[in-house]
Amino acid sequence: MAKRCSAQRALELILEEREVFDDDVEGEDSEEEVSEFEDHISENSESDSDSEEDDEIEHQPVPKRRRATGPGCQQPATGPGRQQPAPGPSRQQPATGPSLQQPAPGPSRQQPATGPGRQQPATGPGRQQPAQGPSRQQPAPGPEQDSQHGASEEIWMSKNFEIEWSSRPRKEPPRKAANVIRMQPGPTRMAVTHTQDIKSSFELFIPDSIQKIILDCTNLEGRRVFGERWKEMDQTHLHAYFGVLILAGVFRSKGESAESLWDAETGREIFRATMSLEKFHIISRIIRFDNQDDRPARRQRDKLAAIRTVWDKWVRRLPLLYNPGPNVTIDEQLMPFRGRCPFRQYIPSKPAKYGIKIWAACDATSSYAWNLQVYTGKPDGGAPEKNQGMRVVLDMSQGLSGHNITCGNFFTSHKLGQELLKRKLTMVGTIRKNKSELPPQLLTSKNRPVKSSKFAYTADTSLVSYVPMKGKNVVLMSTLHGDGRICDQEHHKPEIIMDYNATKGGVDNMDKLVTAYSCKRRTLRWPLVIFFDMLDISAYNAFVIWMALNPEWNRGKLQKRRLFLEDLGKALVRPQIEERQHVPRTPASAAIVRRIQEENAGALSTQPTEPQSAEPEVVNTSNKKKRCEVCGPKMDRKTQYTCIKCKKYICNTHTVKLCPSCCID
């Protein structure tokens, strides 16, 4: 009996609701609803139950009203954390039939759901959302959004149901803190005041403090190995060693043996004029960057203990000498090495495959190495590092403000973008498709036309899925772009992809340029491999600063960096040649030593002298070969040696060899 009274009371409420919404609901639909509800009441009146649950009315939850999607789109499902609207304070919802949903009553006077077989009309161009009040209408989308994202807005949930993505850009106030660079891009005041010539620009990165550590550790190792026979190294010898390495890189002899470089026929005269081959081998064997006595204790807590002090001092100087531009690239660099190393990495996608991995942050425009970090692997016996990509980007971007960070899919994540925004930095990068913050609707490429783009937005993040070819798409995330602008070129790429392609090559370009004239020599000691890379990067950074301060230097020449490295190498070895007591045996190398020593003696004298040419007088330093002028054309014997006085090309058969004392006379 109580069940029948409750059902009749619910029928009266329906009739009252019908009178309220009489203008919006057609009469035929209302009659169908009432007839269906009466049938439901008759069925409930015939049922009989002894439990108290049968006497209560079962309330069916009312789904939350959402904006309808465009044509052919389904209504998005509510997430796990969404609550259904509660009914009014004094009105209860009657029991509904199998296909009838009762609208939630309340003061907002929303339109009730229609009967079975009727769907909610979808919004489209020129159509309005059904009225939710006396005078409220849904705003129509703008023309720019219609052309890019369709006529209506779609709401997508991420795979982890934590982020809500929209197909339209969110109208948020512009972020004034991000992309406002307060530092002046280019060389800092410290670099400008301490750069007088090419050699001084290089010494900005390898200062006296670092050289002193290397000299002290090297002399300590030399005394331990050679005892009393060891002659103390000074700064002149160390500079000469640096210069020989740099000149070997200029001549692209990275894979060439040292014996070939010092050979009288196949080598270069500048090497024999600087130091003997035996001296070069001794320095390469003895050079150290820490005290070997206390290294085992430091190695237990730091795998980079053999070069940690020198490395940290060098890395701290990099951001002090140059301010990057608006875009900074963060990526990895692999130094080839197959020797024994506790943190050697294997990366199959790299050309070398085995080596030492270094995280690098470079200016996207000049490829200046602004920050570096050696990856030493996971701790011994420890678990692998979680969120390594995010940690690396946050560490490498320390000190930046207002810049944009461009990174690869190993680093990019939604959480990283939010952390960078807190530091007033933006981010652009590709993102892996297995990330849980991505909506599934953006990952599919099936039945999508080629060169098409699909966007998704939150309040401060943009996603784009671009189809470059059939059945393949690439996904990028950006906190720099707020809308989905498309390039007008033939490929129709989004602006996000165009900006990513323009700024992604900072680290790769630096690695390519450094490898072209690398001073690396073959060795089995991994600390020496890292130090060779330090010399290469220091020489390249010095070139960037030198060209920024002297833009007219060697204007019109294509190989400016090669000329810079050649001048740098000669400037480093010149003091050693001036102080050298033993003159080399070959005539060309002896001529270089004698000329430089005469120039030095003339500069020290009080009498004015005529300016001497900076280039050596011998012609064979350019490694050109011509026919011997003494043998004649019939012999066709070519040589690279010339006479010191008459400059004629002569072969070894017509060359007179003298001892060092006679050569000086």
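Modeller: Leaving aside its neighbours within four places in sequence, Ser518 is in contact with Gly249, Lys254 and Asp536. These contacts, like everything below, are read from a predicted model. Ser518 belongs to the loop that links helix H16 (506-516) to helix H17 (526-549). Its relative accessibility is 4%, and because buried means under 20%, Ser518 counts as buried. The side chain of Ser518 also has a polar atom 3.2 Å from the backbone nitrogen of Lys520.

Ser397 sits in the loop between H13 and E9. With a relative accessibility of 1%, it falls under the 20% limit and therefore counts as buried. If residues up to four places away in sequence are not counted, Ser397 touches Ile405, Leu420, Arg423 and Leu425. For one of these, Leu420, the separation from Ser397 is 23 residues in sequence, while the C-alpha atoms of the two are 8.9 Å apart in space.

The buried ones are Gln388, Gly389, Met390, Val392, Val393, Leu394 and Met396.

E7 and E8 pair in the antiparallel sense, over five bridges. Within this pairing, Trp359 stands opposite Gln373 in E8. The two strands form a hairpin with five residues between them, and in the turn Ser367 has a positive phi of about 60 degrees. E8 is itself mostly covered, as five of its six residues are buried.

Strand E12 (residues 462-469) has six of its eight residues buried, so the rest of the structure largely encloses it. Strand E11 (residues 453-457) is joined to E12 by five bridges, and the two run antiparallel. Lys454 has Ser465 in E12 as its bridge partner. E11 and E12 make a hairpin with four residues between them. E12 also pairs with strand E13 (residues 472-478), again in the antiparallel sense, over six bridges. Here Leu463 stands opposite Met477 in E13. The hairpin of E12 and E13 has two residues between the strands, and Gly471 takes a positive phi near 80 degrees there. As a general point, side chains in a regular strand alternate between the two faces of the sheet.

Last, a pair of helices. Helix H6 (residues 208-226) packs with helix H12 (residues 308-321) at an angle of about 170 degrees, and their axes are 10 Å apart. Because angles over 145 degrees count as roughly antiparallel, H6 is roughly antiparallel to H12. From H6, Ile210, Ile213 and Ile214 make the contact, and from H12, Thr309, Val310, Lys313 and Trp314. By type, the residues of this contact of H6 with H12 divide into five nonpolar, one polar and one charged.

Definitions and conventions:
Residues are numbered from 1 along each chain as its sequence is written. This is a predicted model: local features need pLDDT of at least 70, side-chain atom pairs count only at pLDDT 80 or more; totals for chains, interfaces and linings use all residues. Side-chain values use heavy atoms; hydrogens and water are left out. Buried means under 20% relative accessible area, exposed over 50%, partly exposed in between (1.4 Å probe, protein chains only). A polar contact is a pair of N or O atoms within 3.5 Å; within protein, one must be able to donate a hydrogen and the other to accept it, and residues adjacent in sequence count only if both atoms are side-chain atoms. Contact means heavy atoms within 4.5 Å. Two strands pair if DSSP finds at least two bridges between them. Axes are lines fitted to C-alpha atoms, for helices over the stretch in contact, and angles run from 0 to 180 degrees between N-to-C directions. Angles under 35 degrees count as roughly parallel, over 145 as roughly antiparallel, 65 to 115 as roughly perpendicular and the rest as oblique. Ala, Val, Leu, Ile, Met, Phe, Trp, Tyr, Cys and Pro count as nonpolar, Asp, Glu, Lys and Arg as charged, and the others, Gly among them, as polar.
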